[in-house]
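Here are my notes on this model, written for a first reading. Keep the structure open beside them as you go.

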Amino acid sequence: RQFRRYYETALGRRGLTGLNLLQILEARLDNVVFRLGFSSSRAQARLLVTHGHFTVNGRRTDVPSMLLKQGDEIGVREGSIKLTYFKDMGEIAEKRNSPSWLSRDLKKMSGVMARFPERAEIDGSLDEQLIVEYYSRR
């Protein structure tokens, strides 16, 4: 049901529906937290967001499926930054590269979604056109 909503959002945007769909999925808050290096997996990112450890544009959020827009700032809450997990995560995140469509500040434990990713920047060997064809039949 949730994925259907993403598909319909992708249909409403200009450009290729498949690329729009992938960009929407990449723009989910839990995925951006993972891409910034603040978690070791998407499942862990989802859990951290659900527990309210992150802010978007200064406001606390606990919705992992929140779609971010260009220019949105994601940060670790001040109360959470003191936790052992986030103190140790800074060192681990330094070793991981964040994608070029995100800018990251490890000292502040924050990042900004500078732009939507291009198709070449989205990893995965899936054929988004097959997904579009599947959902267009319904």
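This is a predicted model: local features need pLDDT of at least 70, side-chain atom pairs count only at pLDDT 80 or more; totals for chains, interfaces and linings use all residues.

1. Start with the overall order. Five strands make an open sheet, arranged 2-1-3-5-4, and their pairing is antiparallel. Strand 2 (59-61) and strand 4 stand at the edges. Each has a single partner strand, so one side of each lacks a neighbour in the sheet. From one strand to the next, the twist averages 30°.

2. **A helix on the sheet.** Helix 3 (residues 29-36) packs on this sheet. The helix touches strand 1 (54-56), strand 2, strand 3, strand 4 and strand 5. Its direction makes about 60° with that of strand 4.

3. **Strand 3 with strand 5.** Strand 3 (residues 73-76) and strand 5 (residues 110-113) pair in the antiparallel sense, over three bridges. Look at the partners in strand 5. Glu73 is bridged to Val112, and Ile74 to Gly111.

4. **Strand 4 with strand 5.** How many bridges join strand 4 to strand 5? There are four, and the two strands run antiparallel. Strand 4 covers residues 102-105. Asp105 has Ser110 of strand 5 as its bridge partner. The two strands form a hairpin, with four residues between them. Met109 lies in the turn and has a positive phi of about 55°.

5. **The nonpolar core.** The largest nonpolar core holds 21 residues. Which of them touch the most other members? They are Leu29, Val32, Val33, Phe54, Leu68 and Ile74. Helix 3, helix 4 (42-50), strand 1, strand 3 and helix 6 (84-95) each give two or more residues to this core. Helix 3 gives the most, with five residues.

6. **Val32 up close.** Set aside the neighbours within four places in sequence. Val32 is then in contact with Glu26, Ala27, Leu68, Ile74, Trp101 and Leu102. Leu68 and Ile74 are also on the list of core residues that touch the most other members.

7. **Asn20.** Is Asn20 buried or exposed? Its relative accessible area is 6%, which is under the 20% cut-off, so Asn20 counts as buried. Asn20 lies in helix 2 (residues 17-26). Its side chain reaches the backbone oxygen of Arg14 at 3.2 Å. Beyond its neighbours within four places in sequence, Asn20 is in contact with Ala10, Arg13, Arg14 and Gly15.

Key: Residues are numbered from 1 along each chain as its sequence is written. Side-chain values use heavy atoms; hydrogens and water are left out. Two strands pair if DSSP finds at least two bridges between them. Buried means under 20% relative accessible area, exposed over 50%, partly exposed in between (1.4 Å probe, protein chains only). A polar contact is a pair of N or O atoms within 3.5 Å; within protein, one must be able to donate a hydrogen and the other to accept it, and residues adjacent in sequence count only if both atoms are side-chain atoms. Contact means heavy atoms within 4.5 Å. Axes are lines fitted to C-alpha atoms, for helices over the stretch in contact, and angles run from 0 to 180 degrees between N-to-C directions. A nonpolar core is a set of buried Ala, Val, Leu, Ile, Met, Phe, Trp, Tyr and Cys residues joined through side-chain atoms within 4.5 Å.
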